[in-house]
Amino acid sequence: AILLQPSQLSAHLRSSQSVAEKVGAEVMGKAGQAKQVFRKYGSSAKPKNVTKTIQKTATPATPRLKKGLTPGTIIILLAGRFRGRRVIFLKQLDTGLLLVTGPFKVNGVPLRRANQRYCITTSTKVDVSGVDVSSVTDAFFAREGKKKAKSKDAEGMFAQAAGNAGRTDDQKACQKKVDDALAKNLSSDMKSYLKARFSLTARMFPHELKFERARGLVRARRQPQRKVGKVALR
């Protein structure tokens, strides 16, 4: 047996108590209130020397066009205000969107942009060699932002906002030039085809349609089925 002096005994008890507190803190977490950390904000606070790494976002590449989609191809719009209309594809813009037109004189579809994901490509093509749309870019469709005027009276608070400004004179002149160039290469049958709206009827499935040209008109017909053994292939 080891005999300890009173001073040695009290030191031993204090050391064992601190060891027990450390073990308990590791197992059960920190007990008691944590020390409050005060932070200073504003001009009096001293900024830390922190080096910020700025990550440059890569410019997205222009998406590739669908197979068979070339300038002059007639496509069918599946979304937007003119869904179901047949339009003429003119070129691809820098953002990847398609520049299309009705023309406006034929079916009322003006120069507008369309996403090729929401289009059906047909095999019908129109000669657009005489159409110049080099000046038409994405900035051609930009809208001018107008700030709302603040009014203190009750009438101005509930006043209705003014309608859309509509197309500018430059856009109207460009539309007229494109329509005149396209009208020279459109026959009466092709104009009637562009005026017709595309729709599905009973027992017409999109994956079974093939858009082809026959007897001067373009129509959609079902692909014939061929049987291999007991399985019918389309």
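I looked for ring pairs and found 1 aromatic pair in the structure. The partners are phenylalanine 140 and phenylalanine 141, with ring centres 5.1 Å apart. I note that this is a predicted model.

How do the two planes sit? They lie at 85 degrees. Planes over 60 degrees apart count as edge-to-face, so I logged the phenylalanine 140 and phenylalanine 141 pair as edge-to-face. I then checked burial for both residues. Phenylalanine 140 and phenylalanine 141 are both buried.

Next, the cysteines. How many disulfides does the structure hold? I count 0. I looked up accessibility for two cysteines. Cysteine 119 has 6% relative accessibility. Cysteine 174 comes out at 9% relative accessible area.

Last, glycine 108. Where is glycine 108 found? I placed it in the loop between α2 (104-107) and β4 (112-114). Is glycine 108 buried or partly exposed? Its relative accessible area is 27%. That value lies between the 20% and 50% limits, so I wrote down glycine 108 as partly exposed.

I also looked up its contacts. Leaving out residues up to four places away in sequence, glycine 108 touches Phe82 and Pro103. Glycine 108 and arginine 85 are 23 residues apart along the chain. Their C-alpha atoms are separated by 9.5 Å.

Definitions and conventions. Residues numbered from 1 in each chain as written. Predicted model: local features only at pLDDT ≥ 70, side-chain atom pairs only at ≥ 80, totals over all residues. Heavy atoms only, no water. Disulfide = S-S within 2.5 Å. Buried < 20%, exposed > 50% of the residue type's maximum accessible area, 1.4 Å probe, protein only. Phe/Tyr/Trp six-rings, centres within 6.5 Å; stacked < 30°, edge-to-face > 60°. Helix = DSSP H or I, 4+ residues; strand = E, 2+ residues; numbered from the N terminus. Contact = heavy atoms within 4.5 Å.
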